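Please read it alongside the sequence and structure shown below.

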Amino acid sequence: MHKSFFGVFGSPEAKEGLCHYDYERAKRDGYPEAHLQVYGQSETLEALRQGRALAKLHFPVGGRRFRPSLEDLIEFLVREQLVEPKDDYMAVLDAGRQRFMAKQLRAAMRRNPDIVAEHVERHGAPKIGDR
């Protein structure tokens, strides 16, 4: 994935909302590739940064691999009682999160074959069905 955006807005037309998670691979503006931006006000921030808005801050949320997923955002909305979940929502979220994490782990393993080899040497190769 090269780019993603998950936002929480009051309507499809809204320009500002509660928050949004962004991921942009190889960002050129110096901000973290994976980050959270929150809409709101902070008197402390405004005093420190001479009026800079909270929504302009890019809070880092991991990196290229193990960043939050869409499932994490949906679970946040349910737990904070901002949306009504369907009966089987956790099973759906868990399945989606597992697919996402497995894909990210495979990518991390491709980038770190020496660590994978060291782990296999030390612990042996996992057997099918081990988890």
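This is a predicted model: local features need pLDDT of at least 70, side-chain atom pairs count only at pLDDT 80 or more; totals for chains, interfaces and linings use all residues.

R79 has a relative accessibility of 57% and therefore counts as exposed, the cut-off being over 50%.

- The side chain of E75 forms a salt bridge with R79, with 2.7 Å between the closest N and O atoms.
- E75 and R79 are about one helical turn apart, because 4 residues separate them in helix α2.
- In contrast to the exposed R79, E75 is buried, at a relative accessible area of 15%.
- A salt bridge also joins the side chains of E75 and R97 (2.7 Å, N to O).
- Since E75 belongs to helix α2 and R97 to helix α3, this pair ties together parts that are 22 residues apart in sequence.
- Both E75 and R97 are buried.
- A network of salt bridges links D72, E75, R79, D94 and R97.

**Packing of α2**

- The buried residues of α2 (70–79) are E71, L73, E75, L77 and V78.
- These buried residues pack against β1 (3–8), β2 and α3.
- The angle between α2 and α3 is about 155 degrees, and their axes lie 9 Å apart.
- The two helices, α2 and α3, are therefore roughly antiparallel to each other, as angles over 145 degrees are classed in this way.
- The crossing of α2 and α3 is left-handed.
- On the α2 side, E71, D72, I74, E75, V78 and R79 make the contact, while α3 contributes Y89, M90, L93, G96 and R97.
- Classed by residue type, the contact of α2 with α3 comprises 5 nonpolar, 1 polar and 5 charged residues.

**Loop residues with positive phi**

- Q81, in the loop between α2 and α3 (89–111), has a positive phi of about 55 degrees although it is not a glycine.
- A26 is partly exposed, at a relative accessible area of 48%.

**Further salt bridges**

- The structure holds 7 salt bridges.
- One of them joins the side chains of K27 and D29 (3.2 Å, N to O).
- K27 is buried, with a relative accessible area of 17%, whereas D29 is partly exposed at 46%.

Methods:
Residues are numbered from 1 along each chain as its sequence is written. Side-chain values use heavy atoms; hydrogens and water are left out. Buried means under 20% relative accessible area, exposed over 50%, partly exposed in between (1.4 Å probe, protein chains only). Contact means heavy atoms within 4.5 Å. Axes are lines fitted to C-alpha atoms, for helices over the stretch in contact, and angles run from 0 to 180 degrees between N-to-C directions. Angles under 35 degrees count as roughly parallel, over 145 as roughly antiparallel, 65 to 115 as roughly perpendicular and the rest as oblique. A crossing is left-handed if the near helix is turned anticlockwise from the far one by less than a right angle, and right-handed if clockwise. Ala, Val, Leu, Ile, Met, Phe, Trp, Tyr, Cys and Pro count as nonpolar, Asp, Glu, Lys and Arg as charged, and the others, Gly among them, as polar. A salt bridge is a side-chain nitrogen of Lys or Arg within 4 Å of a carboxyl oxygen of Asp or Glu.
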